[in-house]
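Hi everyone, thanks for making time this morning.

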Amino acid sequence: MARYDILIIGAGAAGLTAALYATRRKLSTLVVSRDIGGQTATTMDIENYPGIDFSTGPDLMHRFATQAKKFGAEIISTGVAHITKVPDGFEVVTDDQAVFQARSIILAFGKSHRHLDVPGEKEFLNKGVVYCATCDAPLFEGKSVAVIGGGNSAMDAAILLSRIASTIYLVHRRDDFRAEAVLVDKVKADPKIQLVLNTTIKEIKGEQFVNGLIVSTPTGERELAVEGVFVEIGQVVNSDFLKDLVALSPVGEVVIDEHNATSCPGIFAAGDVTTVPFKQTVISAGEGAKAALAAYNYLQGRSPGAKFADQGYIK
């Protein structure tokens with residue numbers, strides 16, 4: 001059974017930064033994740049990451065992963081089914097029944113896409129219903145599509161699709177947006193994007209593939225002739241497998257202290273999966289670094305927030 005100093009669950013900005021900092025402290029590190037890049041990898045235009053004028057999400061996350069592996073991090077593609085506390089650390093069972101042991105764990109698996117839960121959504125998954133504009137937008141070149149949502153991810157999707165699709169309906173249940181003002185302004189200024197506000201989704205229609213979206217507006221039901229439906233209504237935390245191990249918030253986020261420690265000694269957490277506000281790539285990266293350094297302290301027998309010797313003193 002392979003044994004590591006740190007096992008990191010998740011390979012987004014938080015998990016990959018944690019892997020970088022852990023390996024540079026010469027800790028054997030395994031990253032377990034179903035994908036590389038997390039939510040950042042689904043964003044096409046990144047203009048607010050310090051020191052980088054512009055990058056696509058997939059490219060930025062590829063750089064994160066390459067740098068972590070350069071210093072020795074191992075990354076495997078699978079999910080985690082179960083974590084058990086054992087006398088000298090933790091035992092982790094993956095979705096494919098592989099078993100690993102680790103002296104410490106960092107939870108950094110972010111969130112997953114929220115669904116509409118309307119007729120046709122499941123039936124037309126990957127047949128016109130998609131949750132990743134970055135991944136699937138090129139498939140809808142010259143077609144009419146709908147983007148559902150009012151946050152940053154919905155704006156990003158609409159802006160990306162305006163370069164590819166013929167018409168984009170941005171459907172939102174309110175008449176105001178949660179997204180950053182600069183993104184909202186771009187959307188409103190784009191002649192290819194039509195705002196459909198104060199509107200809810202009733203049904204996704206189609207035959208072999210999506211060909212229509214039934215919506216409920218203040219003036220009655222309406223059908224939008226679309227071939228793609230991009231669902232961008234936020235994310236949820238899939239943390240049920242942790243409920244007997246660490247404290248969770250009412251919405252399932254992992255509760256951490258200022259040093260990224262959870263209620264279970266030896267388990268730390270970082271990024272969107274935690275109670276830290278402002279879910280941004282730069283914040284997740286910083287939180288990943290903090291979690292790795294706190295885990296390093298823990299493995300050295302010090303308190304998670306202890307200062308390092310090269311900072312002049314140790315608590």
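Before anything else, one term: when I say contact, or that something touches or covers something else, I mean heavy atoms within 4.5 Å. Helices (H or I, at least four residues) and strands (E, at least two) are DSSP runs, numbered from the N terminus. Now the background. This is a predicted model, where local features need pLDDT of at least 70 and side-chain atom pairs count only at pLDDT 80 or more, while totals for chains, interfaces and linings use all residues. Residues are numbered from 1 along each chain as its sequence is written, and side-chain values use heavy atoms, with hydrogens and water left out.

Let's begin with helix H4, residues 152-161. How many of the residues of H4 are buried? The count is 8 of 10, so H4 is mostly covered; buried means under 20% relative accessible area, exposed means over 50%, and partly exposed is in between, with a 1.4 Å probe and protein chains only. The buried ones are Ala154, Met155, Asp156, Ala157, Ala158, Ile159, Leu160 and Leu161. Their cover includes helix H3 (133-136), helix H5 (181-189), and strands E9, E10, E11 and E15.

Those strands bring us to a sheet. It is an open one of 5 strands, in the order E8-E15-E9-E10-E11, with parallel pairing; two strands pair if DSSP finds at least two bridges between them. Strand E8 (129-130) and strand E11 (193-196) are at the edges with a single partner strand each, so one side of each has no neighbour in the sheet. H4 packs on this sheet, touching E9 (144-148), E10, E11 and E15 (228-231), and its direction makes about 165 degrees with that of E9. Axes here are lines fitted to C-alpha atoms, for helices over the stretch in contact, and angles run from 0 to 180 degrees between N-to-C directions. E10, residues 167-171, runs parallel to E11 and is joined to it by 4 bridges.

The axes of H4 and H5 come within 10 Å and cross at roughly 35 degrees. H4 passes H5 in a left-handed crossing, meaning that the near helix is turned anticlockwise from the far one by less than a right angle; clockwise would be right-handed. On the H4 side the contact uses Asn152, Met155, Asp156, Ala158 and Ile159, and on the H5 side Leu183, Val184, Lys186 and Val187. By class, that is 6 nonpolar, 1 polar and 2 charged residues. For the classes, Ala, Val, Leu, Ile, Met, Phe, Trp, Tyr, Cys and Pro count as nonpolar, Asp, Glu, Lys and Arg as charged, and the others, Gly among them, as polar.

There is another helix pair to see. Helix H1 (residues 13-24) and helix H6 (residues 281-299) have axes that come within 7 Å and cross at roughly 40 degrees, and this crossing is right-handed. Among the contact residues are Ala18 and Tyr21 of H1, and Gly288 and Ala292 of H6. This contact has 9 nonpolar, 4 polar and no charged residues.

Now, the largest nonpolar core. It has 32 residues, and Ile6, Ile8, Phe64, Ile106 and Phe268 have the most contacts inside it. A nonpolar core is a set of buried Ala, Val, Leu, Ile, Met, Phe, Trp, Tyr and Cys residues joined through side-chain atoms within 4.5 Å. Strand E1 (2-9), H1, helix H2 (57-70) and H6 each supply at least two residues, and H6 gives the most, with 7.

E1 itself has 6 of its 8 residues buried, so it is largely enclosed by the rest of the structure. It pairs in the parallel sense with strand E6 (residues 99-107) over 7 bridges, and with strand E2 (residues 29-33), also parallel, over 4 bridges. Ile9 stands opposite Leu107 in E6 and opposite Val32 in E2.

Last stop: two asparagines. Asn126 has a positive phi of about 65 degrees although it is not a glycine, and Asn260 has a positive phi of about 65 degrees too. Is each buried or exposed? Asn126 counts as exposed, at 62% relative accessibility, whereas Asn260 is buried, at 0%.
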